Amino acid sequence: MGMIFVGLLIGIAILFVLTMVPNRLRKPLIVLVTFLSGCFYAVEFFYPTHAVVANKQDLIKKYGVPTQTAPDFAAEAQKAGKALDPEAVKKLQELSPEDAQLALKAALEVTTPEKPFGPDAAEKLVTQENFLTPKFKDVSDWALVLQAFAIGLGIYSLMSVHLRNIAMKRSGWGNSATLITAIFLMAFAHIGKEYSSKGGWLETLDNLLYNGLMKNLDATMFSIIAFYIVSAAYRAFRVRSVEATILLVAAALVMLGNVPIGQALTNWLPNGKTDVLGNLRLENIGQWILKKASNPATMAIDFGLAVGALATSLRLWLSLERGSYFEEEL
Amino acid sequence: MNILNNLDRRMLYLLLAIVIAIPLLAPAVTKPLPKPAITGFTQSYYDTIEKVAADPGAKNKIVIVSCNFAAGTLAENLSQCEATVRHLMMRKLKFAVFGFSDPQGRELGQQVVDKLAKEYDYQYGRDYVNWGYRPAGAAVALLKTAVNDLPGAMGKDIKGMAISQVACMQGIKGVNDVSLICEFAASATLPVWIQFYQRAGKSPIPTLYGPTSVMATEAVNYVESGQLQGMLIGLKGASEYELLLQKEGFASSASASLSLSHLLIVVLIVLGNIGMFVERKQRAAAEGGR
Amino acid sequence: MTDGMLKTIVVLLGVLTTLGIYSVLYKENKIFRFFEHLYLGLAGGYAIAANWNDVLKTNWWEPMVNDGKWWLVLLLPAGSLFYFIYSKKNGWMARLIFGLFIGLAAGQQFQGCAGDYWPKIQTAATKTLWVDPAKINQEYPVAAYATVLNNWLFMAILTAVMVYFFFSFEQKSTGAINKVSKFGRYAMMIAFGAMFGNTIMARMALLIGRIYFLIHAPEAMSSSGP
Amino acid sequence: MNHATWPALILLLTMSIVIVVTVVSAQQGKQYFIRRIPGLSAIDEAVGRAVEMGRGILLSTGLSDGIDIITLQALAICANVASSAARYGTRVQMPVYNSAMLPIAEDTISNAYNQAGRGDAYSPDDVRYLSNQQFAYAAGVAGMIQREKFAATFLFGTFFAESLIMAENANMVGAIQVAGTPSTTQVPFFIAACDYVIIGDEYYAATAYLTRQPTLMGSIVAQDRVKIGILAMVVIGALCTTFVNPNLFKKLLADQSYPIGELLQNPKEEGK
């Protein structure tokens with residue numbers, strides 16, 4: 001606990017130091033932070049990797065800390081009375097001595113007379129990583145934690161709007177009061193039930209709010225799309241232009257191919273695996289449009305999006321972006 | 001005539017609600033609608049239950065009906081569950097309702113059973129049991145215990161009675177007394193059964209799967225590798241299954257709702273286009289006459 | 001409260017919320033407004049709870065307090081940088097944490113790009129464009145030709161759609177490029193139409209579920225009695 | 001792919017270098033051209049309509065799971081809209097989905113007001129957090145649209161199923177709608193319900209098109225060059241697979257690295 005307090009003081013001190021950074025250094029500092037944080041994922045992805053044993057921490061827990069000497073695969077296997085495939089052993093020998101020991105123990109455990117240890121099994125024991133990979137989970141956890149701290153901003157924003165509604169008795173202030181009460185009740189019940197006894201009143205409250213209200217609200221809002229899809233289809237699918245017509249025809253074919261009532265229109269066509277005419281059945285036409293004709297179009301769109309995202313990332317990462325926001329005096 | 005070009009959207013919403021509700025309220029209306037073709041997935045699903053029922057040893061075993069869904073995917077999963085429970089009841093198999101993904105699952109499962117129990121003279125305790133809901137986080141540990149000590153792992157049923165005391169659970173010790181697993185899922189809960197229970201006993205337990213249509217694509221691999229003996233693909237699969245059972249229930253009426261709603265949209269599109277053409281003609285005539 | 005009563009209330013609440021939300025289909029009204037605000041409130045409370053239960057407690061508080069990772073406390077002042085946006089004098093400091101996250105997002109893009117699109121490029125770049133006589137299935141020879149035909153179509157659509165998205169040169173209305181890009185636009189419309197048509201089924205299934213729930217709510221309430 | 005294979009490394013680095021070099025050359029004064037993009041011209045038109053009608057504008061940056069590139073780009077487009085709206089004294093409102101995104105959005109939009117010379121008109125209520133639950137957000141936005149009767153709505157960013165809820169409600173109140181999203185599955189619904197839809201990487205071209213800033217113009221031209229490269233690679237790959245060696249491109253573009261020597265070998269027969 002003491003160290004936590006010291007850490008907090010250090011953090012506050014750093015914040016204080018930051019407030020004294022002179023104006024001309026502020027922008028370079030932001031550029032540096034952006035670049036370095038981007039470097040983590042970029043370097044982790046591009047840096048050459050080496051083979052290590054998968055789930056090392058679990059294996060250490062199971063078999064104890066290994067020594068530094070490389071194990072003798074053949075001898076160990078003989079001792080255990082089990083056969084290891086030479087190809088597979090070759091794969092495991094690429095590992096560092098420590099990792100190889102753990103891998104060998106794991107290999108001998110999974111090997112049974114019916115299930116010999118082959119290259120596929122060896123592949124499962126080995127994974128590729130570089131010096132940053134072990135930090136990967138930490139960094140994404142920290143990013144999650146940092147973002148979680150921002151929830152206060154959101155809730156503050158939501159509450160301030162609605163508290164003002166209540167204070168000024170604007171029309172609909174009752175709804176604002178409902179909203180704020182709901183925030184508190186839900187947060188209280190959902191956190192509280194983690195800490196209270198099973199079957200307590202907090203759990204009942206959480207059950208009412210979550211299962212009784214929230215889940216139903218979710219399901220209802222999701223299902224309301226069915227209504228909107230009908231009105232959108234009715235309005236949009238008109239033979240107005242070539243494009244609109246194509247849209248309509250493709251949608252109609254897929255729709256009809258999806259339900260028995262539509263499929264019935266072409267049920268008279270043969271349906272054998274080798275019947276050429278069977279391809280003209282509505283369900284097959286629908287699937288063809290969906291899988292073959294749409295696929296290249298969406299793929300081409302995706303390629304463009306990938307390049308666009310890459311270019312935007314590079315501009316932001318390397319602080320190449322210009323414009324008022326990025327050129328503002330700080 | 002211009003009315004066709006500009007129908008009030010509330011009218012459309014009402015029509016949709018009616019078209020969907022009618023088959024659910026009055027299933028008889030849907031009789032003349034075309035029936036779906038039966039796929040291999042559904043056929044093998046049906047055959048598996050028949051095979052289990054034909055096995056004389058199955059009388060002393062239990063079927064697990066695993067309801068891992070909530071109201072959100074009710075149309076797809078509940079219809080699969082209902083058809084399956086009906087088949088089990090037709091063949092007089094003992095079963096247990098269970099769920100670990102959502103507390104609503106076991107309630108929805110119970111609803112299905114309540115609906116069908118009278119018809120097939122099924123009684124709680126004697127012919128089936130509801131183990132209730134266990135949190136997902138504990139599912140793996142629970143199933144691992146249930147390999148050797150099923151009543152002990154499950155503890156009490158939804159009525160608060162120790163499971164070892166329930167009549168239909170007499171003689172059910174562990175994994176070797178389970179004749180079939182039927183999993184109805186709205187999320188990736190199947191691997192828990194596959195990894196920790198299906199092959200934990202003397203011989204692999206036949207496993208059947210009812211996923212939502214979106215999830216079915218991924219599950220095809222399991223069928224091909226023989227880890228699943230059959231699968232119902234969403235609502236469509238459930239309605240095919242009811243055809244095989246020759247007993248049309250929720251799935252058939254829901255599937256009819258689906259068909260009718262698609263038909264409604266097609267009709268509306270056609271009407272809208274007719275309205276548009278008529279209006280164009282009228283306008284052209286008006287301009288021509290000027 | 002007994003379990004049966006609780007279940008009855010849960011079902012009843014479900015019916016009320018469902019009807020309340022659907023009322024917006026007729027027109028925006030007081031009932032919808034009430035449920036909308038209730039929903040936003042519950043979601044806000046849930047966000048707070050989920051943030052604590054799933055993120056802060058497991059990834060921060062417990063490792064910090066129980067596992068001796070005291071330095072995790074440094075994340076708190078770092079996270080507080082978000083709030084400097086409201087400071088007149090030190091508002092710039094918020095941009096430090098924005099920069100951190102912008103950098104992280106940008107750095108991930110390399111892997112994102114490769115992970116998402118690499119397999120797609122592979123699929124596209126390994127299409128066979130000619131019938132290999134050895135691979136013709138004698139029972140159904142059409143299949144091999146159909147595959148190659150589909151592949152040609154694939155290449156044509158892919159090229160056309162990509163050409164449609166070239167921005168750096170003029171597409172004159174009479175030129176060949178314009179014709180290609182127009183074909184690309186039509187191909188996209190086929191894809192969009194198909195996606196629209198295919199989604200209808202999934203959405204209708206959701207509505208069927210809701211209406212079934214409403215129809216059977218009375219049974220659900222009564223059957224759950226003790 | 002967890003780590004770059006060597007072909008991926010080469011390809012991504014080449015792409016990156018092309019982009020950075022072009023962008024820097026544009027910053028140093030080289031002139032680039034981009035053609036007219038109809039969907040993007042509509043953005044100014046929609047702002048104009050809103051000004052005429054005297055009602056507000058809704059901006060949404062969609063659903064973002066944290067801070068990501070797509071949402072940052074959406075924010076950049078929205079800043080342009082906000083800035084021209086501010087110039088004409090029209091109010092914009094932006095409900096935000098993610099609380100970590102909120103301060104960035106506030107900073108950007110208030111800056112856009114400043115840029116238009118109307119910093120005084122910015123109110124903190126205009127950019128506000130709504131919800132980070134998909135359908136709660138949709139319900140909130142639908143309610144806002146119905147009550148405020150916006151003259152124009154701009155939906156940019158990542159969208160899922162809720163896209164249609166928002167677009168149909170805006171359609172009901174007669175708003176002119178411009179939508180753009182990289183979520184290709186939602187484009188059909190925007191096409192059905194909106195007046196103008198920005199498809200595919202027009203989304204990333206939008207800021208360049210609206211601001212004509214050299215940096216962004218250079219970036220668009222660079223993206224074109226890279227796309228031509230990808231297209232060429234796909235065509236060459238397919239020709240090579242068909243007529244020269246069926247394995248070369250399969251292995252070059254595989255998820256794992258193959259040593260150069262093994263590229264042309266046949267893969268081991270399966271089942272052995």
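How many residues of chain C are in contact with residues of chain A? In this predicted model, 113 residues of chain C are in contact with 119 residues of chain A, contact being heavy atoms within 4.5 Å. A word on conventions: residues are numbered from 1 along each chain as its sequence is written, and chains are lettered from A and ligands numbered from 1 in the order in which they are written. Local features need pLDDT of at least 70 and side-chain atom pairs pLDDT 80 or more, while totals for chains, interfaces and linings use all residues; side-chain values use heavy atoms, leaving out hydrogens and water.

Let us stay with chains C and A. Between them they bury about 11,000 Å², 80% of it on carbon and sulfur atoms; buried area is the accessible area (1.4 Å probe) that two parts lose on being put together, summed over both. On the chain C side, C:Trp92, C:Arg95 and C:Phe110 lose the most area to chain A, together 7% of what that side buries. C:Arg95 also forms a salt bridge with A:Glu328, with the closest N and O atoms 2.6 Å apart. A salt bridge here is a side-chain nitrogen of Lys or Arg within 4 Å of a carboxyl oxygen of Asp or Glu, and chains C and A share 4 of them.

Helices (H or I, at least four residues) and strands (E, at least two) are DSSP runs, numbered from the N terminus. D:Asp125 is buried at 18% relative accessibility, whereas A:Arg164 is partly exposed at 34%; buried means under 20% relative accessible area, exposed over 50%, and partly exposed in between (1.4 Å probe, protein chains only).

Within chain D, D:Asp126 forms a salt bridge with D:Arg91, again with the closest N and O atoms 2.9 Å apart. This pair links distant parts of the chain, 35 residues apart. D:Asp126 is buried at 4% relative accessibility, while D:Arg91 is partly exposed at 42%.

Chain B has its own example: B:Glu50 and B:Arg91 meet in a salt bridge (2.6 Å, N to O). Elsewhere in chain B, a network of salt bridges links B:Glu82, B:Arg86, B:Lys115, B:Glu119 and B:Lys247.
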